[in-house]
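Hello,

Here is the structure I said I would pass on. My notes follow below it.

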Amino acid sequence: MSVPALSIESVTKRYGDLEALSGVSLEVGQGEFFGLLGPNGAGKTTLISALAGLARPTSGRLAVMGHDVVTDYRNARMQLGVVPQELVFDPFFSVRELLRIQSGYFGIANNDAWIDEVLDSLDLLPKAESNMRTLSGGMKRRVLVAQALVHRPPVIVLDEPTAGVDVELRQGLWHFIRKLNRDGHTIVLTTHYLEEAEALCGRIAMLKGGRVVALDATRALLQRFATHNLSVRMRNPGIGVALGGTSAEDGWVSFGFDTYADVEPLLMRLREAGAAVEEMRIGEPDLEEVFVEVMSRA
Ligand SMILES: Nc1ncnc2c1ncn2[C@@H]1O[C@H](COP(=O)(O)OP(=O)(O)OP(=O)(O)O)[C@@H](O)[C@H]1O
């Protein structure tokens, strides 16, 4: 068995009276595309800071590719690229200078060939000599991604990389990050865009109040919590309600169902009860429903 990309064991982080993380345990395997979801204040950024060695856990243990982030900090940090949420740069450097300085932090000299490759993949080559202060917000975000990659880390953590980013750039970023994942990198993503997490992540952990409240394959989460939905518009919606449906506007009545085999018997019962069906549509479960459900139960 290969060593896990991330191993997080019973991690607690206290800020004074506030417990930002309360015994978080999870493991992320090498090559996974993993989602870390949760409402504001759930502890996602705190967990990422602990992984990057920026916040020391009050108790528990974290390791990146088998290297403990406290006792073997340098090796752990070499294995990890973090794309932070905040856009903070020294405005006086050019993009290339910034990436050279970042390479220096990791003790890498003569990194220009790789820097050019990363800049090219992120469509930043034309801006390589521009000062950071002249870049747009979206370009700055791409520089953050480039910065996280200068030392070729096998594990990449992105903290809300698409917050406030336009559709085109968002798709470009995802294309790039998917490619990194296909090339073997482990990706951990936090996002408030649940559609994005659903499309990208193979497995998801949901955090609330510093605890893991759900942890499973994305597909399993969708199946476990969300039901499909059959909405039927009928002239006599009362019949649908009598059969267990929930009435909405304009004669629409909706029924939850678990598998498609349930649909036909449901339609038959409606027909037998004399319902005059005028229109119908089927809704698939989505991660947003699951998220709302998990958060309300936790
Ligand atoms: N340096 C700090 N000092 C004191 N409290 C902090 C500190 N950093 C975070 N917290 C608190 O810890 C809790 C978790 O915050 P964190 O930023 O990890 O949440 P998050 O899940 O990343 O939220 P968001 O989705 O808003 O980014 C919050 O209540 C926050 O106020």
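**Domains and sheet**

The protein chain is divided into domain 1 (6-217) and domain 2 (226-297), with bounds that come from an automatic or database domain assignment. This is a predicted model: local features need pLDDT of at least 70, side-chain atom pairs count only at pLDDT 80 or more, and totals for chains, interfaces and linings use all residues. Residues are numbered from 1 along each chain as its sequence is written.

The C-alpha centres of the two domains lie 41 Å apart. In contact are 9 residues of domain 1 and 6 residues of domain 2; contact is counted when C-beta atoms, placed from the backbone, lie within 7 Å. On the side of domain 1 that touches domain 2, two or more residues each come from α7 (194-200), β9 and β10. Helices (H or I, at least four residues) and strands (E, at least two) are DSSP runs, numbered from the N terminus. The largest share of that side, 3 residues, comes from α7.

An open sheet of 6 strands has the order β6-β7-β8-β3-β9-β10, with mixed pairing; strands pair if DSSP finds at least two bridges between them. β6 (80-83) and β10 (211-217) each have a single partner strand, so one side of each is left without a neighbour in the sheet.

Strands β3 (residues 33-37) and β8 (residues 186-190) run parallel and are joined by 4 bridges. Gly 35 has Leu 189 in β8 as its bridge partner.

Regards

Key
Contact = placed C-beta atoms within 7 Å.
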